Amino acid sequence: MEVRRSHRRRRTVSARREGDRVVVLIPASMSRAEERVWVARMVERLEAGERRRRPSDLDLMARATELSERYLGGHARPRSIRWVSNQRSRWGSCTPSDGSIRLSDRLQGMPGYVVDYVILHELAHLLVAGHNRDFWTLLRSYPRLERARGFLDGVALAKGIDVSDEDDDVEGATA
């Protein structure tokens, strides 16, 4: 951890990661006691934000259960859901025979509604193979469906990633 004092900074305190180090920026006029309080507060805020943007596998399972209940009547019940680093042309995948879902670690740090969409997409595949009308009917109740798909399409375009699905006979490119 590194604390940087600035004479130009009057009241604001901020924190960020630089590699493996946390850097806290504070006003030069701040006392050592205030510094200790603010450094602890800012490190906690930074870590809380990182936890929200990069949920653990256990957090993913809880989220999948909640999404299945809310949008799929609880019918999709994955046995496992985890981050993987070997998916370069997909955002997620599932194996219906064993109930496993894998999410590309490229999703980490993306907005929650985007990660929720990919989880919901894979949950729907536990119920319906392919991307036919029945599959898309399951997903229609998700209020940010088009927004999330557009976000992922934009990321894919910007990074030159081809993530289109061959069996997408109803709705266009998906997760």
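Strands β1 and β3 (residues 21–27) pair in the parallel sense, over five bridges. Strands count as paired if DSSP finds at least two bridges between them. Strands (E, at least two residues) and helices (H or I, at least four) are DSSP runs, numbered from the N terminus. The model is predicted: local features need pLDDT of at least 70, side-chain atom pairs count only at pLDDT 80 or more, and totals for chains, interfaces and linings use all residues. Residues are numbered from 1 along each chain as its sequence is written, and side-chain values use heavy atoms, with hydrogens and water left out.

Within β3, I26 is the bridge partner of R5. The two strands belong to an open sheet of three strands, ordered β1-β3-β2, with mixed pairing. Its edge strands are β1 (2–6) and β2 (14–18), each of which pairs on one side only. Neighbouring strands here are turned by 25° against each other on average, direction ignored. Axes are lines fitted to C-alpha atoms, for helices over the stretch in contact; angles between N-to-C directions run from 0 to 180 degrees.

Another open sheet of three strands has the order β4-β6-β5, and its pairing is mixed. The twist from one strand to the next averages 20°. Strands β4 and β6 (residues 100–104) run parallel and are joined by five bridges. V84 has S104 as its bridge partner in β6. Helix α2 (residues 57–72) packs on this sheet and touches β4 and β6. The direction of α2 makes about 130° with that of β4. Contact means heavy atoms within 4.5 Å. Helix α3 (residues 112–127) lies across β4, β5 and β6, and runs at about 25° to β5.

The largest nonpolar core has 35 residues. Such a core is a set of buried Ala, Val, Leu, Ile, Met, Phe, Trp, Tyr and Cys residues joined through side-chain atoms within 4.5 Å. Buried means under 20% relative accessible area, computed with a 1.4 Å probe on protein chains only. L103, L107, Y117, I119 and L123 have the most contacts inside this core. At least two of its residues come from each of α2, β4, β6, α3, α4 (133–139) and α5 (145–159). Helix α3 supplies the largest share, 10 residues. Leaving aside neighbours within four places in sequence, L123 contacts A64, L67, S68, L72, A76, P78 and I101. A second, separate core has nine residues, among them V22, V24, I26 and L46.

How values were computed
Buried < 20%, exposed > 50% of the residue type's maximum accessible area, 1.4 Å probe, protein only.
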